[in-house]
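These are my notebook entries on a structure that I had not looked at before. I put down what I looked up, in the order in which I looked it up.

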Amino acid sequence: MTALPPDPAADTLARLEATIAARAGADPDASYVARLLAKGVGKIAQKVGEEATETVIAAVSQDEAALTGEAADLLFHLMVLLRARGVPLAAVLAELDRREGTSGIAEKASRPRS
């Protein structure tokens with residue numbers, strides 16, 4: 001069996017998750033991560049929504065640099081939200097792995113209706 005090559009994107013996200021974990025207990029006056037976490041899940045979720053909106057605006061404006069920056073902000077704030085809720089990145093990646101090879105239409109149809 002051939003080993004897969006290293007995944008720089010996964011490494012970057014793993015490092016980010018570790019940095020967020022390390023800063024979670026820091027002084028909120030000295031750490032943006034600690035400040036966000038101190039404000040609670042509702043405020044962090046609001047920030048994720050704001051960053052998602054800014055990402056959409058950058059995408060529609062066809063400004064690649066702005067889209068790149070906003071997408072980075074969105075990923076960062078999503079990772080802080082995951083930390084606040086105690087959801088490890090590995091769980092999200094496992095869910096993506098579970099869905100791999102499944103039609104998006106079929107996957108959505110298989111979800112329980114709420």
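This is a predicted model: local features need pLDDT of at least 70, side-chain atom pairs count only at pLDDT 80 or more; totals for chains, interfaces and linings use all residues.

**Entry 1: the chain as a whole**

I began with the contacts in the protein chain between residues at least 6 apart in sequence, and I noted that 52% of them join residues at least 24 apart. Going through the secondary structure, I counted six helices and zero strands in the protein chain, which read along the sequence as the pattern α-α-α-α-α-α.

**Entry 2: H3 against H4**

Two packed helices are described by the angle between their axes and the distance between the axes. I took up helix H3, residues 41–60, together with helix H4, residues 64–85, and noted an angle of about 160° with the axes 8 Å apart. Angles over 145 degrees count as roughly antiparallel, and therefore H3 and H4 are roughly antiparallel to each other. The crossing in which H3 passes H4 is left-handed.

Which residues of H3 and H4 meet? On the H3 side I listed, among others, Val41, Ile44, Lys47, Val48, Glu51 and Thr55, and on the H4 side the residues include Glu70, Asp73, Leu74, His77, Leu78 and Leu81. Sorted by class, the contact of H3 with H4 holds 15 nonpolar, two polar and six charged residues.

**Entry 3: two residues from that contact**

I next looked at histidine 77, which is placed in helix H4. Is histidine 77 buried or exposed? Its relative accessible area is 4%, and the cut-off for buried is under 20%, so histidine 77 is buried. The side chain of histidine 77 makes a polar contact, at 3.0 Å, with the side chain of tyrosine 32. Not counting residues up to four places away in sequence, histidine 77 touches Tyr32, Leu36, Ile44, Lys47, Val48 and Glu51.

Glutamate 51 has a relative accessible area of 4% and is buried. When I left aside the neighbours within four places in sequence, I found glutamate 51 in contact with Glu70, Asp73, Leu74 and His77.

**Entry 4: the loop between H3 and H4**

I then turned to glutamine 62, whose place is in the loop between H3 and H4. What is phi of glutamine 62 near? I noted a value near 60°, which is positive in a residue other than glycine. Glutamine 62 has a relative accessibility of 74%, and so counts as exposed.

**Entry 5: H1 against H4**

Finally I looked up helix H1, residues 8–23, which packs with H4 at an angle of about 55°, the axes being 10 Å apart. That angle makes H1 oblique to H4. I recorded the crossing of H1 and H4 as right-handed.

In this pair, Leu13, Leu16, Glu17, Ile20 and Ala21 in H1 meet Phe76, Met79, Val80 and Arg83 in H4. By class, I noted seven nonpolar, no polar and two charged residues in the contact of H1 with H4.

Technical notes: Residues are numbered from 1 along each chain as its sequence is written. Side-chain values use heavy atoms; hydrogens and water are left out. Axes are lines fitted to C-alpha atoms, for helices over the stretch in contact, and angles run from 0 to 180 degrees between N-to-C directions. Helices (H or I, at least four residues) and strands (E, at least two) are DSSP runs, numbered from the N terminus. Angles under 35 degrees count as roughly parallel, over 145 as roughly antiparallel, 65 to 115 as roughly perpendicular and the rest as oblique. A crossing is left-handed if the near helix is turned anticlockwise from the far one by less than a right angle, and right-handed if clockwise. Contact means heavy atoms within 4.5 Å. Ala, Val, Leu, Ile, Met, Phe, Trp, Tyr, Cys and Pro count as nonpolar, Asp, Glu, Lys and Arg as charged, and the others, Gly among them, as polar. Buried means under 20% relative accessible area, exposed over 50%, partly exposed in between (1.4 Å probe, protein chains only). A polar contact is a pair of N or O atoms within 3.5 Å; within protein, one must be able to donate a hydrogen and the other to accept it, and residues adjacent in sequence count only if both atoms are side-chain atoms.
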